[in-house]
Amino acid sequence: RQLANIDAMIDNPVAKGLDWQVDAVTTHPGALATRADAIMAGLERAAAFIGKDQYRARESGLILARLLAAMPHERFVGFGPRLLALYSRADDKHWLWEAGALLRRLGDLGTEALPYLVNARALAPSVDQAGIEGLCRVGSAGRSVAEPVLISMWNGSRDGIGWNTRVAMFVAMLRIGISPPLLTQDKPSDLARLQAEWADISPQSPSRVCA
């Protein structure tokens with residue numbers, strides 16, 4: 001039933017009456033992969049939709065974005081040019097910036113994804129700073145762009161940013177090749193904890209550590 005719902009949503013992003021259980025689909029990567037091309041086309045259709053029921057196109061688009069983000073690496077990167085084209089056309093109010101799972105995976109597309117990963121929307125609390133993981137996935141090749149952004153976030157990280165985000169920044173900096181600066185307002189135990197748990201991360205670490 002859920003796969004049939006995918007097909008209906010792909011064909012019509014404003015389809016009504018669909019009962020969704022996204023996790024039930026993402027746990028079956030084989031069935032998902034067979035629909036990869038159609039899901040990408042459906043995402044493009046939803047992203048371009050203008051008119052009545054646009055809110056429903058947004059809902060469909062966010063679901064399709066999450067499904068696409070669950071694709072295996074080789075399949076996902078094959079859609080790179082089309083995904084980057086979508087983000088290049090997305091203004092700051094477009095729902096694509098709400099697709100946290102997809103923003104994280106954009107890092108697998110390499111340095112061409114950097115302009116979108118450092119966009120303020122990709123680093124917003126509303127998507128749990130998804131762009132941080134994306135920058136981590138790009139790795140050392142993106143250091144010149146990622147470093148000033150991550151250092152700025154790190155220096156302000158004691159002002160309302162949670163521990164999980166601090167960990168994400170720490171891991172990202174290590175994988176990119178940046179030395180996290182010591183913050184004078186840090187508790188010594190905080191930095192010691194980060195170093196104890198994550199000090200083995202380096203630019204040679206696989207991208208899966210970013211998650």
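The model is predicted, and residues are numbered from 1 along each chain.

**Stop 1: helix α10**

Select residues 130-138, which form helix α10. Helix α10 is mostly covered, with 9 of its 9 residues buried. Among them are Ala 130, Gly 131, Glu 133 and Gly 134. Then extend the selection to Gly 139, which follows α10 and has a positive phi, near 80°.

**Stop 2: the pairing of α10 with α12**

Keep α10 displayed and select helix α12, residues 163-176. The two axes come within 8 Å and cross at roughly 20°. Angles under 35 degrees count as roughly parallel, and α10 is therefore roughly parallel to α12. The crossing of these two helices is left-handed.

Which residues form the contact between α10 and α12? On the α10 side, select Ile 132, Leu 135, Cys 136, Arg 137 and Val 138. On the α12 side, select Thr 165, Ala 168, Met 169, Val 171, Ala 172, Arg 175 and Ile 176. By class, this contact of α10 with α12 comprises 9 nonpolar, 1 polar and 2 charged residues.

**Stop 3: the disulfide**

Show its side chain together with that of Cys 210; a disulfide joins the two, with an S to S distance of 2.1 Å. The structure holds 1 disulfide. Are the two cysteines buried or exposed? Both Cys 136 and Cys 210 are buried.

**Stop 4: Val 77 in helix α6**

Finally, move to helix α6 (residues 73-77) and select Val 77. Val 77 has a relative accessible area of 29% and is partly exposed; buried would require under 20%. Next, select Asp 108 and Leu 109, which Val 77 touches when residues up to four places away in sequence are not counted. Draw a line between the C-alpha atoms of Val 77 and Leu 109: these atoms are separated by 5.9 Å, although the residues are 32 apart along the chain.

Technical notes. This is a predicted model: local features need pLDDT of at least 70, side-chain atom pairs count only at pLDDT 80 or more; totals for chains, interfaces and linings use all residues. Side-chain values use heavy atoms; hydrogens and water are left out. Axes are lines fitted to C-alpha atoms, for helices over the stretch in contact, and angles run from 0 to 180 degrees between N-to-C directions. Helices (H or I, at least four residues) and strands (E, at least two) are DSSP runs, numbered from the N terminus. Angles under 35 degrees count as roughly parallel, over 145 as roughly antiparallel, 65 to 115 as roughly perpendicular and the rest as oblique. A crossing is left-handed if the near helix is turned anticlockwise from the far one by less than a right angle, and right-handed if clockwise. Contact means heavy atoms within 4.5 Å. Ala, Val, Leu, Ile, Met, Phe, Trp, Tyr, Cys and Pro count as nonpolar, Asp, Glu, Lys and Arg as charged, and the others, Gly among them, as polar. A disulfide is a pair of cysteine sulfur atoms within 2.5 Å. Buried means under 20% relative accessible area, exposed over 50%, partly exposed in between (1.4 Å probe, protein chains only).
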